[in-house]
Amino acid sequence: LCMKYQELEAEIAKTENIGQKRAKEQQLKQVLEDMQPYRIRISCDPADKGLDRTVIYWGIMLGDQYHLIGHYSEATSDNMAIASKIIEIFHTLSTQMGTRLDTYTEINVDGHGLGIGVISRLQQIRREQDLKVSIKECLFGAAATNPALYRNMKGENYFHLRNIMKDGRIELPNLPSLKTDLMRMKWERQNEKTVVVDPEKSPDFADALVYFTWKDRRSISFF
């Protein structure tokens, strides 16, 4: 669709016949309508401790279907560098697809610790570059939207990811670190509620994937 959009834009620019130009403009309008259901999603779990890693994923979402197409990780870094890397990924995707993707892009970031600074810097960059991306604060510690089953949003969203994977609604790259993290995750029942228990080593790759599939109507989005 993005390639078609790019082709039509180029054709409209060089078409002199008014009738042909209007016909191509209608085609362009239809392509834009077809693109509406799709979303580009970028998620980030910033490193906040000495042994943590910053993990960034990006991919495509259509309804409740997900396709993770890229990943990046590095040792502990500051919020300025992390935010700049996220925006760099966004611009690279826009270049590859041949059109601005900001109105179709959602950026989900861990809203605790270092992530607070990352979100703040992303907001600043968005204003400076006049971007229309949605920036969402993901809070593991927030109360669950289904408090009868889960103690907090961490448990609720880890099980949301579990259901997505169980139903085959996500395509993932072969990433050993992610597979290891997911296999180490455990859960237990506390006061009749499901609680996800972290392994000793921070599951950075798994957490970033949970942010990629994050679902919470109450999450704070900065438009």
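Glu200 is exposed, with a relative accessible area of 86%. In this predicted model, Glu200 belongs to the loop that runs between β8 (193-197) and α7. Its C-alpha atom is separated by 9.3 Å from that of Arg184, a residue 16 positions away along the chain.

**The chain overall**

Let's step back for a moment. The protein chain has seven helices and nine strands. Of its 223 residues, 47% are buried. Take the contacts with a separation of 6 or more: 65% of them come from residues 24 or more positions apart.

**Helix α7 and its partners**

Now for α7 (residues 204-212), starting with its packing against α6 (residues 176-184): the angle is about 90 degrees and the axes are 7 Å apart. That puts α6 roughly perpendicular to α7. Which residues in α6 and α7 meet? From α6 come Ser177, Leu178, Asp181 and Leu182, and from α7 come Asp204, Phe205, Ala206 and Leu209. Sorted by class, this contact of α6 with α7 has five nonpolar residues, one polar residue and two charged ones.

Helix α5 (153-166) is another partner of α7. The axes of α5 and α7 come within 9 Å of each other and cross at roughly 80 degrees. An angle of 65 to 115 degrees counts as roughly perpendicular, so α5 and α7 are described as roughly perpendicular to each other. On the α5 side you'll find Asn157, Tyr158 and Leu161, which meet Ala206, Asp207, Leu209 and Val210 in α7. By class, the contact of α5 with α7 has five nonpolar residues, one polar and one charged.

**Aromatic rings**

A pair of aromatic rings is described by how far apart the centres are and by the angle of the planes. The model has seven aromatic pairs, and the table gives two of them.

| Pair | Centre to centre | Angle between planes | Type |
|---|---|---|---|
| Phe140 and Trp214 | 5.9 Å | 40 degrees | tilted |
| Tyr150 and Phe159 | 5.8 Å | 45 degrees | tilted |

Tyr150 comes in at 13%, so Tyr150 is buried. Phe159 has 12%, so Phe159 is buried too.

The charged end of Lys85 sits over the ring of Tyr72, at 4.5 Å from the ring's centre.

**Two residues with positive phi**

Asp130 is not a glycine, yet it has a positive phi of about 55 degrees. You'll find Asp130 in the loop between α4 (114-129) and β5. Asn191 isn't a glycine either, and its phi is positive at about 50 degrees. The loop that holds Asn191 lies between β7 (186-190) and β8. Is Asn191 buried or exposed? With a relative accessible area of 75%, Asn191 is exposed.

Terms used. Residues are numbered from 1 along each chain as its sequence is written. This is a predicted model: local features need pLDDT of at least 70, side-chain atom pairs count only at pLDDT 80 or more; totals for chains, interfaces and linings use all residues. Side-chain values use heavy atoms; hydrogens and water are left out. Axes are lines fitted to C-alpha atoms, for helices over the stretch in contact, and angles run from 0 to 180 degrees between N-to-C directions. Helices (H or I, at least four residues) and strands (E, at least two) are DSSP runs, numbered from the N terminus. Angles under 35 degrees count as roughly parallel, over 145 as roughly antiparallel, 65 to 115 as roughly perpendicular and the rest as oblique. Contact means heavy atoms within 4.5 Å. Ala, Val, Leu, Ile, Met, Phe, Trp, Tyr, Cys and Pro count as nonpolar, Asp, Glu, Lys and Arg as charged, and the others, Gly among them, as polar. Buried means under 20% relative accessible area, exposed over 50%, partly exposed in between (1.4 Å probe, protein chains only). Rings of Phe, Tyr and Trp (its six-membered ring) pair if their centres lie within 6.5 Å; planes under 30 degrees apart count as stacked, over 60 as edge-to-face and the rest as tilted. A charge sits over a ring if NZ of Lys or CZ of Arg is within 6 Å of the ring centre and within 35 degrees of the ring normal.
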